[in-house]
There are 2 protein chains.
Amino acid sequence: MTKHLQTDLDRLKKEVLAMGALVEESINRAIRALVAREPELAREVAAGDDAIDRKELEVEDMCLKMLALHQPVAGDLRYIIAVLKVNNDLERMGDLAGNIAERAQFLSTHPPLPVDIDFTRMVESVRRMVRQSLDALVTQDPELARKVCLSDDEVDGFQRHMFETLTSLMQRDSSTVERAVQVLSVSRHLERIGDSATNIAEDVVFMVEGDVIRHQPRGRLHRAGT
Amino acid sequence: MTKHLQTDLDRLKKEVLAMGALVEESINRAIRALVAREPELAREVAAGDDAIDRKELEVEDMCLKMLALHQPVAGDLRYIIAVLKVNNDLERMGDLAGNIAERAQFLSTHPPLPVDIDFTRMVESVRRMVRQSLDALVTQDPELARKVCLSDDEVDGFQRHMFETLTSLMQRDSSTVERAVQVLSVSRHLERIGDSATNIAEDVVFMVEGDVIRHQPRGRLHRAGT
């Protein structure tokens with residue numbers, strides 16, 4: 001590998017991490033707006049994050065230039081393609097944070113629902129998945145990436161529980177319908193952020209091992225012997 | 001361009017079209033299961049489509065091999081990267097078709113809602129977007145691609161209307177909550193299929209013109225003078 005390519009790869013890693021940091025910040029702000037019922041903060045996050053959009057285009061442009069200039073092969077090629085895909089997933093997460101913030105705008109200006117809707121554990125799991133998927137990318141750690149894929153089932157479980165709680169609330173008390181539908185959306189958006197983290201983790205495994213774990217039953221994520 | 005690269009590019013176009021055809025078929029079957037209330041068909045589609053998953057991996061593998069082997073630049077490089085991204089969006093559409101089929105399974109084994117929920121126009125718009133985005137890709141037609149991006153607003157409008165109809169139904173009649181929530185999901189999944197078609201269309205514009213139209217206000221999609 002040329003020294004020039006190595007310098008560019010290092011720079012790319014920094015950029016994709018900067019993108020990840022922006023997205024994490026956006027998710028955190030959306031959740032804070034929701035939980036602390038802060039409509040002004042919600043409005044800000046929902047208005048969109050130009051910084052994330054700009055960074056997405058920068059990272060993509062960087063990848064294309066590196067492919068054209070260095071014509072990398074094997075591991076380096078896989079790394080750049082993985083970053084292209086991760087970039088895409090991060091941008092999607094940013095959009096989902098924006099969607100959560102839109103719901104938070106509505107919810108924080110309406111009375112709280114008359115049941116205890118606790119997002120804490122679901123939010124913690126999703127945040128951990130996002131963090132670990134980015135860590136796995138930087139440290140090129142396929143075992144950590146596989147852990148992220150397994151956490152996805154946990155988040156799906158939280159989502160099902162939320163669905164049941166909210167459906168039965170709407171059936172009991174029709175005055176809750178509008179708000180409950182919005183809360184249900186928040187929970188779906190969180191689940192989809194978890195899905196995107198899983199996509200990133202799958203790309204990390206592919207990048208490091210050249211092994212495709214997409215479309216495999218979850219059981220096979222545990223490698224033989226581990 | 002070498003003759004070998006041209007042969008591979010032609011083969012790649014055929015493969016991505018084959019992938020598109022599988023996804024369109026899956027969307028059509030999911031919708032038919034929903035509208036005609038066919039639980040058996042819904043079950044089949046919801047069980048997942050191994051053919052789509054296999055095709056996604058094949059297309060991705062082909063792209064990586066072409067990048068490594070031919071080390072393309074400029075337009076050819078952009079084309080292969082666009083196909084990688086389109087491939088990803090097509091796979092996502094296939095998943096969404098599966099999600100619609102899951103809802104159709106539930107809905108076709110429960111009594112119809114007591115209001116007229118007509119998906120026809122929304123489904124027509126979404127189908128047209130999918131078709132046109134693939135046509136734009138094959139014919140490399142950025143004007144057609146821009147049309148797809150503009151249709152997205154129409155689909156968002158249908159989704160908002162569906163949301164209002166279903167929310168007010170649930171408020172009036174609590175016995176409809178479970179089914180209405182499922183119908184609302186179908187409408188969201190349709191909207192997201194439209195979003196994926198829009199992503200494909202944006203990639204086509206980028207591929208042909210090297211022009212990024214993501215993250216632009218819709219008004220700017222009309223090019224000056226056209």
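**Close-up views of a two-chain predicted model**

**View 1. Helix α1(A) passes α3(A) in a left-handed crossing.** A crossing is left-handed if the near helix is turned anticlockwise from the far one by less than a right angle, and helices are DSSP runs (H or I, at least four residues) numbered from the N terminus. This is a predicted model, in which local features need pLDDT of at least 70 and side-chain atom pairs count only at pLDDT 80 or more, while totals for chains, interfaces and linings use all residues. Residues are numbered from 1 along each chain as its sequence is written, and chains are lettered from A in the order in which they are written.

**View 2. The axes of α1 (residues 3-35) of chain A and α3(A) come within 10 Å and cross at roughly 160 degrees.** Axes are lines fitted to C-alpha atoms over the stretch in contact, with angles from 0 to 180 degrees between N-to-C directions. The two helices are therefore roughly antiparallel, a term for angles over 145 degrees.

**View 3. Residues of α1(A), including Leu12(A) and Met19(A), meet residues of α3(A), among them Val59(A) and Met62(A).** Contact requires C-beta atoms, placed from the backbone, to lie within 7 Å.

**View 4. Chain A can be laid on chain B with an RMSD of 0.0 Å by a turn of 180 degrees and a shift of 0.0 Å along the axis.** The two copies are thus related as by a two-fold rotation axis, and the C-alpha of chain A nearest that axis belongs to Gln71(A), at 2.8 Å. Superposition is by least squares on C-alpha atoms of residues with pLDDT of at least 70 in both copies.

How values were computed:
Parallel < 35°, antiparallel > 145°, perpendicular 65-115°, else oblique. Contact = placed C-beta atoms within 7 Å.
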